[in-house]
Amino acid sequence: MALDNQKNREFKIVGTRPDRPDGLDKVTGRAKFGADAYATGMLHAAILRSPHAHAKIIRISTEKAEKLPGVKAIVTREDFSKKVTGENWNVLENVMAGDTALYDGHAIAAVAATSSLIARDALKLMEVEYEILPHVTDVDKAMGKSAPVIRAGASDKSVPEGLHPNVVRYHESGHGDLSAGFEAADLVIEDTFKTEATHQGYIEPHACLAQLGGDGKGELWCCTQGHFHVQKTCAALLDIETSALRVTASEIGGGFGGKTAIFIEPVALALSRKTNRPVKLVMNRSEVFRATGPTSSTSMDIKIGMKKDGTITAGSGVFRLQGGAFPGAPMEFTAMCAFAPYNLENVKQIGYDVLSNRPKQAAYRAPGSPMAAFAVESIIDELCNRLELDPIEVRLKNASREGTKASFGPKWDRIGLVECLEAAKQHPHYSAPLKKGQGRGVSSGFWFNHGGETAVTLALSEDGTAALSVGTPDIGGSRASMCQMAAEELGISYDKVRTTIADTATLGYNEVSHGSRVTYASGLATIKAARDAVKKLCARAAKKWNIDEEAVIWEDGFAKPSGPNAGDFEPIPLAKLTKSMGRTGGPIVGHFEATPEGAGVSFATHIVDAEVDQETGRAHVVRYTVVQDAGKAIHPSYVEGQYQGGAAQGIGWALNEEYIYGEDGRLQNTGFLDYRIPVASDLPMIDTVIIEVANPGHPYGVRGVGETSICPPLAAIANAVSNAAGVRLKELPMSPVRILEAIKNKT
Amino acid sequence: MRLLKIKHKIKVNLWSGLKHLADGSTEVEIYANTTGDILTSLVEQFPSLKDTIDAGVSIVIDGKVMAYSLTEPVNSENEIYLLQRIKGG
């Protein structure tokens, strides 16, 4: 669906900032999250987890636990499908271990009991005999010759011969002549960068309430970014029919990609099937850290050549990502995003997906891209410093534009990188003086964005209000923007539209809320569904006036004759048409079901000021500005919130957050006390600038905004901290210890 | 004799990591009218690409990423790239 001709379009609701429709529910506690569900006769479940990083499961003895009063059932891998293959097998293997525990926290068995306390007591009575195996948690070591093989035969055909079996996928792309490019440069810098795994850090732990009968029919309530995906996967893992399982998405207390994956829902369903009772399963924070998806950790080699005038002559990158004990580390996105902001004649990127004894990585806002930007943009900054060039001018000089060849191959469509860079250059932040001990950093970042399968229904009520049903859980305020788009098309006020996240029995398949796709894809579907309803409204007016349907137009919530030739009739408001709809043809409902393929890519540029205490090594961000292309901001406050959220999470990732593993391969920091996410006092006011370069693939020009905002922060902050410290920081997080060490080694 | 259907000769650019699965080339020529035809023809011509294509790929037509569609029309004038399936968080 192409961009509307908007030359003369004046939006009335789109682009305004109405109150959020879920606000009252959230502040009064009326909103129901994953753990808020109850059912009569409900049992409580708990999961036994491996204390070892890598161990053969010799025997699981459940007899003692089963005898504990209140215990109703125990499940192990034997209680799940034997038929799953491919990625479903990986999901099942992660949900419940087969013959090997692959990481600290891997699920081994689960119990359902009459209380949560009894369930947890029962775990202590289960006896598991393990044969401990050698483990590896570091990505570089996992590729080394002496690394233990985690899953023999897991590599796909992309992997070149001679690599360790822990390398399971390989990516290579690029174009031009690297040697010639580096030869043409006046300065070439090469270095290695590392980032640790970080968790998405959503406040609400995973939770669900499951009910599955012996007839294979079930109900599931869960907090997820994609309940249709949960339905499909759980059905496969439990050998039941997909449509027999109805899944309802709860309100969600944060996802950021981490709730696109499935961890506990099949376990609760299996326990419910075995007990014929509803089963509730809620993770605690330690389980969330140990057993749900963090990001990949990375190790990256970058080499870039530049001329004295700032022209980049060549760039290459090798990106090694571990994604836990399962294939899927997003190394191809790391590779493809790395040089995306630059128009390079000579470029090459290589990615390795490496197994390690860590939990299965899950997506986290623009998976793979922030780490790439950290490595590449750090070298760009270093080149600018050494050649005494302005970092934004250099980025503008080499910027990707419409028609230039992307580092991963195709020519760019209309993109807004140059507009972001120009706005950043003009922003007062960029020319503001720095205080002593402070440094400034700049970075660009890129993310693809996504469309995906989408179905929407818009039902009009007799009183002229509209009930919009969408199938994409609201993880970032999408209900507000959906209401706005529907109201804009129908010509009614914002508060006359209510948007509901419909369950899996109500709508056709909707892909997960990921890839910054919801405001784009569900928004596009909402516009189309509203236009479908408008067409039907016009038909009712035409029937009333006894004229052709084509002779009726829709303006500002009224059906009107299209011109003098159509006849002289009094315009009819929407509420009047819907009031009589039962007697003029029946209910009026608009639909749209499709897989929109026009998601526009998005770029951003961030400016950061940081100061470093040379004695303690503490880094602090003192000023932050986000400039990002939104295509068209439907609800600017939510767009700004996405920008600020990405920057805030980036500050945590850059300065504090990391998975710390002991020598025994066990995660050392499984709570928010030891895994430090930013709090308000860590953050400055994050200023935002919304750039609007319309996406040609959306009627209003919308581009996804949820992910791109986390692409530049790691690099922009690292550049600011490095410039303040007077030494290049090459490993994240830039904790005080690492900064002090870098300062010490400099002198 | 009536010519009812003819497929376009399409140049498909593969990412270079697939070179060893496509007889050492990153540019391959196949015949196709749609994105679905492209994938079918690629597997017919290079069976080693099947696993990669089954795992999920996107097709870029003149800079526009088609993550799923098998029905998008293509012709000889289009710039076609194969990318790994775009997803996100």
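Start with the two domains of chain A: select 23-31 + 451-594 for domain 1 and 368-449 + 600-746 for domain 2. The bounds come from an automatic or database domain assignment. This is a predicted model, in which local features need pLDDT of at least 70 and side-chain atom pairs count only at pLDDT 80 or more, while totals for chains, interfaces and linings use all residues. Residues are numbered from 1 along each chain as its sequence is written, and chains are lettered from A and ligands numbered from 1 in the order in which they are written.

The centres of domain 1 of chain A and domain 2 of chain A, taken over C-alpha atoms, are 38 Å apart. Next, select the contact between these domains, to which domain 1 of chain A gives 14 residues and domain 2 of chain A gives 15 residues. (Two residues are in contact if their C-beta atoms, placed from the backbone, lie within 7 Å.) On the domain 1 side, α15 (478-490) and α16 (518-545) of chain A each supply at least two residues. The largest share of that side, five residues, belongs to α16(A). Helices (H or I, at least four residues) and strands (E, at least two) are DSSP runs, numbered from the N terminus. The domain 1 side that touches domain 2 of chain A has five nonpolar, eight polar and one charged residues. In this count Ala, Val, Leu, Ile, Met, Phe, Trp, Tyr, Cys and Pro are nonpolar, Asp, Glu, Lys and Arg are charged, and the others, Gly among them, are polar.

Now colour the largest nonpolar core, which has 254 residues. Such a core is a set of buried Ala, Val, Leu, Ile, Met, Phe, Trp, Tyr and Cys residues joined through C-beta atoms within 7 Å. A residue is buried if 20 or more other C-beta atoms lie within 10 Å of its own, exposed if 12 or fewer, and partly exposed in between, with C-beta atoms placed from the backbone. α16(A) gives the most to this core, 13 residues. Both domain 1 and domain 2 of chain A give residues to the core, so it lies between them.

Among the residues with the most contacts inside the core are Ala110(A) and Val267(A). Centre on Ala110(A): leaving aside its neighbours within four places in sequence, its contacts include Ala45(A), Ile74(A), Val267(A) and Leu271(A). Val267(A) and Leu271(A) are among the buried residues of α8(A). Helix α8 (residues 265-275) of chain A has nine of its eleven residues buried. Asn276(A) follows α8(A) and has a positive phi, near 60°.

Move to strand β16 (residues 438-447) of chain A, where eight of the ten residues are buried, so the strand is largely enclosed by the rest of the structure. β16(A) pairs with strand β24 (residues 602-612) of chain A in the antiparallel sense over ten bridges. Strands pair if DSSP finds at least two bridges between them. Gln438(A) has Glu611(A) as its bridge partner in β24(A).

Switch to chain B and its open sheet of five strands, ordered β2-β1-β5-β3-β4 with mixed pairing. β2 (27-32) and β4 (64-66) of chain B stand at the edges with a single partner strand each, so one side of each has no neighbour in the sheet. Strand β1 (residues 8-13) of chain B pairs with β2(B) in the antiparallel sense over six bridges, and the bridge partner of Ile10(B) in β2(B) is Ile30(B).
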